[in-house]
Amino acid sequence: MGVSIDLSGKRALVTGGNRGIGRTIAERLAEAGADVAVFARSEESVAEAARALSERGVRGLALTGDVGSDADVERAWDTLMEEFGQLDILVNNAGITRDGLLLRMKPEDWHAVLDVNLTGAFRWSRLAARQMLRQKSGTIINISSIVGVIGNPGQTNYAASKAGLIGFSKSLAVEVAARGITVNVIAPGFIETEMTHALGEGAQAEFLSRIPLGKLGTTGDVADLAVFLASPMSDYITGQVICVDGGLTR
């Protein structure tokens, strides 16, 4: 990253940290010296991610559960506190899509996306904020999307969840600022992942034509910003939405 950031002694949690953007964020936090817990539904991939983090010389912790379940989140929180004793960095990254035009969208697809993408962040943030308020420090980073800023046809549920996450974050930032806690949003654009590869060359070319920098982003582009926001270098930044999109939104 050019600038060395030291997060030694910090404890972090990344939801959806077993793959994609979340996995890279977890890895970059570990590289900076933080102990990192990973929370996701797949027990096997979560365990593998935690092992890989431990190989970097920090402590990796596997937490299995669904962000859409109050019981799963509370159970994982109890384990996190037993193992880490504190939480300094929360990254709400877990998310799903159930795309479809509004007139054809099933109510269950609407509710599922809102419950995971938005209410999931509420579940984790509520628990984390209580503990961070007591220790008078901490940072919460919520991973939204440019779809929550500019919209996208066929994704009314996803856009609503990601736009809601922005409003949630801005309000929470004001509520907890007096205790030294920061809350910020990263809104990735078109990032090179398995999902974008599956779209085919035609769709990728269409995306690229809209991006001023002329290239897709990488998970590392998002993760480097997350590490910066988790560090003391960003202590005076809160309530902000930062788009990582090659200039697409401007």
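**Buried residues, a cavity and salt bridges**

Me: In this predicted model, which residues is Asn-93 in contact with, leaving aside its neighbours within four places in sequence?
Reply: Leave aside the neighbours within four places in sequence. Asn-93 is then in contact with Val-14, Thr-15, Gly-16, Ile-21, Gly-22 and Ile-143.

Me: Is Asn-93 buried or exposed?
Reply: Asn-93 is found in the loop between strand E4 (89–92) and helix H4 (107–135). Its relative accessible area is 12%. Buried means under 20%, so Asn-93 is buried.

Me: Which residue has its backbone oxygen 2.9 Å from a polar atom of the side chain of Ser-144?
Reply: Ser-144 sits in the loop between strand E5 (138–143) and helix H5 (147–150). Ser-144 is buried, with a relative accessible area of 4%. Beyond four places in sequence, Ser-144 touches several residues, including Leu-165, Val-185 and Pro-188. The backbone oxygen in question, 2.9 Å away, belongs to Lys-162.

Me: Which element gives the largest share of the lining of the largest cavity?
Reply: A search of the whole structure finds one cavity of 30 Å³ or more. Among the residues that line the cavity are Thr-15, Asn-93, Val-116 and Gly-120. The largest share of the lining, four residues, comes from H4.

Me: How many residues of that lining are charged?
Reply: The lining of the largest cavity has four nonpolar residues and five polar ones.

Me: Why does the salt bridge of Arg-11 and Asp-35 tie together parts that are apart in sequence?
Reply: The side chains of Arg-11 and Asp-35 meet in a salt bridge (3.7 Å, N to O). Arg-11 lies in strand E1 (residues 11–15) and Asp-35 in strand E2 (residues 35–40). So the pair ties together parts whose separation in sequence is 24 residues.

Me: Which residues are linked in a network of salt bridges?
Reply: Glu-27 forms a salt bridge with Arg-56, the closest N and O atoms being 3.9 Å apart. Both belong to a network of salt bridges. The linked residues are Arg-23, Glu-27, Arg-28, Glu-31, Glu-48, Arg-56 and Asp-224.

Definitions and conventions. Residues are numbered from 1 along each chain as its sequence is written. This is a predicted model: local features need pLDDT of at least 70, side-chain atom pairs count only at pLDDT 80 or more; totals for chains, interfaces and linings use all residues. Side-chain values use heavy atoms; hydrogens and water are left out. Helices (H or I, at least four residues) and strands (E, at least two) are DSSP runs, numbered from the N terminus. Buried means under 20% relative accessible area, exposed over 50%, partly exposed in between (1.4 Å probe, protein chains only). Contact means heavy atoms within 4.5 Å. A polar contact is a pair of N or O atoms within 3.5 Å; within protein, one must be able to donate a hydrogen and the other to accept it, and residues adjacent in sequence count only if both atoms are side-chain atoms. On a 1 Å grid over the protein atoms alone, a cavity is a set of points where a 1.4 Å probe fits but cannot get out, and a pocket is an open set with protein on both sides within 12 Å along at least five of seven lines; lining residues have an atom within 4 Å of a point. Grid points are joined across faces, edges and corners, and a volume is the space filled by probe spheres set on the points. Ala, Val, Leu, Ile, Met, Phe, Trp, Tyr, Cys and Pro count as nonpolar, Asp, Glu, Lys and Arg as charged, and the others, Gly among them, as polar. A salt bridge is a side-chain nitrogen of Lys or Arg within 4 Å of a carboxyl oxygen of Asp or Glu.
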